[in-house]
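Opening the notebook on a new model today.

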Amino acid sequence: MRTCAAIVLFLLLAACRQATVKEEAKDEPLRHYPLHGEVLRLDAQGKIAAIKHEKIGDWMEAMTMEFPVKDQSEFDKLHPGEKINATVFVQGNSYWVGEIQEDTAPAPASK
Ligand SMILES: [Cu+2]
């Protein structure tokens with residue numbers, strides 16, 4: 001009986017803490033960074049794009065990773081193999097991509 005009560009208390013505390021973390025994330029300032037990269041794969045169901053991106057400001061080094069795309073019309077602009085210029089929005093622990101434009105400029109290496 002005592003064990004049971006302890007478990008319930010623990011779960012309540014855990015739930016409470018999670019709510020607090022979410023609350024804090026909401027108050028975090030929204031930051032945005034220019035993103036330049038190449039679309040590798042798309043997950044239409046989850047609206048997630050795997051993008052091989054160049055260094056993103058002071059936020060992230062160059063790498064390949066998955067970005068959520070919040071807006072359906074933004075997601076529809078993406079095609080695997082295309083280079084894009086876009087904006088990464090960062091708020092607390094969450095991030096997403098928007099303001100997507102196809103990068104039609106020729107690669108600098110060709111000149
Ligand atoms: Cu990254």
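Predicted model: local features only at pLDDT ≥ 70, side-chain atom pairs only at ≥ 80, totals over all residues.

By nonpolar core I mean a set of buried Ala, Val, Leu, Ile, Met, Phe, Trp, Tyr and Cys residues joined through side-chain atoms within 4.5 Å.

Core. I looked up the largest nonpolar core and got 18 residues, with L35, F67 and L78 having the most contacts inside it. Strands β1 (31–43), β2, β3, β4 (83–91) and β5 each put in at least two residues. The top supplier is β4, with four. I then checked L78 on its own: beyond its neighbours within four places in sequence, L78 touches V39, L42, A49, V69, I84 and I100.

Copper site. Which atoms hold the copper ion? I found NE2 of H53 plus the SD atoms of M60, M63 and M65, at 2.0 to 2.7 Å. I call the arrangement tetrahedral because the four donor atoms subtend angles of 101 to 118 degrees. For reference, the ideal angle for four tetrahedral donors is 109.5 degrees. Along the sequence I read the donor spacing as H-x6-M-x2-M-x1-M. H53 sits in β2 (residues 48–53) and M63 in β3 (residues 63–68), so this pair ties together parts ten residues apart in sequence.

Is H53 buried or exposed? I get 3% relative accessibility for H53, so it counts as buried. M63 comes out at 35%, so I log M63 as partly exposed.

I found A105 in the segment after β5 (94–102). At 52% relative accessibility A105 counts as exposed. From A105 to I84 I get 9.9 Å, C-alpha to C-alpha, with the two 21 residues apart in sequence.

Conventions: Residues numbered from 1 in each chain as written. Heavy atoms only, no water. Donors = N, O, S within 2.8 Å, 3.2 Å for Na, K, Ca; no water. Tetrahedral: all angles 85-135°; square planar, octahedral: opposite > 155°, others 65-115°. Buried < 20%, exposed > 50% of the residue type's maximum accessible area, 1.4 Å probe, protein only. Contact = heavy atoms within 4.5 Å.
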